[in-house]
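Good morning, colleagues. Please turn to the structure on the screen, and I shall take you through its helix packing, its sheet and its ligand site.

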Amino acid sequence: MEFYEVISKRRSIRAYKKDPVEDSKLSRILNAARLAPTAANRQPYSLIVVKDEETKLKLKDAYSQEWFFTAPVIVCACALPDDAWKRNDGKGYVDVDVAIAMDHLILAASAEGLGTCWIAAFKPEVVREVLNIPDNMEPLVLTPLGYPETIPEPTFRKPLEEMVREIT
Ligand SMILES: Cc1cc2nc3c(=O)[nH]c(=O)nc-3n(C[C@H](O)[C@H](O)[C@H](O)COP(=O)(O)O)c2cc1C
């Protein structure tokens with residue numbers, strides 16, 4: 001798929017087929033996240049790929065929507081705040097770094113014909129326990145990964161004129 005087509009066709013998918021994700025596709029998608037830029041090239045994140053059914057079911061306690069844990073794969077992106085670059089005024093960029101990596105992952109999944117849905121509204125303490133995440137790592141994003149069962153219509157976006165201010 002052409003780059004702009006990938007961007008315009010991506011949707012948050014909330015219904016998944018049971019079909020497994022091919023290893024070759026999964027590794028291309030994870031590699032896309034690895035290639036993302038990070039502030040000062042610190043790469044302050046770690047990705048946990050959950051395929052095990054029992055573990056996925058335990059994640060139900062963190063985010064109980066049925067479509068979430070029925071996807072064949074769940075990816076958890078964890079931030080490593082101590083490793084991240086900080087600006088002189090102390091602002092840390094770890095969330096930005098993780099978001100860019102996740103966007104790479106999400107768009108790569110879309111290019112492979114796979115669906116994702118960025119999930120922020122989970123219980124981090126449950127994810128931490130189920131996935132055995134150490135204290136120096138913060139679970140920041142979850143996404144199911146799998147073949148879409150249904151592809152929703154595009155959601156509303158503000159018009160460009162409302163978002164962009166040109167100074168000429
Ligand atoms: C930072 C972030 C957090 C989100 N958290 C959730 C979530 O917890 N649950 C959910 O169903 N969707 C979540 N979404 C998906 C958004 O609702 C979705 O991207 C938005 O409505 C636009 O729809 P689209 O992705 O299909 O274009 C999140 C998206 C982002 C970027």
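Predicted model: local features only at pLDDT ≥ 70, side-chain atom pairs only at ≥ 80, totals over all residues.

Which residues in α2 meet which residues in α5? On the α2 side, the residues are R28, I29, A32 and A33. Their counterparts in α5 are A101, M102, H104, L105, A108 and A109. By class, this contact has eight nonpolar residues, one polar and one charged.

Let me turn to the geometry of that pair. Two packed helices are described by the angle between their axes and the distance between the axes. Here, helix α2 spans residues 23-34 and helix α5 spans residues 94-111. Their axes come within 7 Å and cross at roughly 150°. An angle over 145 degrees counts as roughly antiparallel, and α2 and α5 are therefore roughly antiparallel to each other. The crossing is right-handed.

Strand β2, residues 73-79, is joined to strand β4, residues 138-146, by seven bridges, and the two run antiparallel. In β4, V141 is the bridge partner of A77.

Finally, the ligand. Around it lie R11, S12, C117, W118, I119, A120, A121 and T155. This shell divides into five nonpolar residues, two polar and one charged.

Terms used:
Residues numbered from 1 in each chain as written. Axes fitted to C-alpha atoms, helices over the stretch in contact; angles between N-to-C directions. Helix = DSSP H or I, 4+ residues; strand = E, 2+ residues; numbered from the N terminus. Parallel < 35°, antiparallel > 145°, perpendicular 65-115°, else oblique. Left-handed = near helix turned anticlockwise from the far one by under 90°. Contact = placed C-beta atoms within 7 Å. Nonpolar A, V, L, I, M, F, W, Y, C, P; charged D, E, K, R; others polar. Near = placed C-beta within 6 Å. Pairing = 2+ DSSP bridges.
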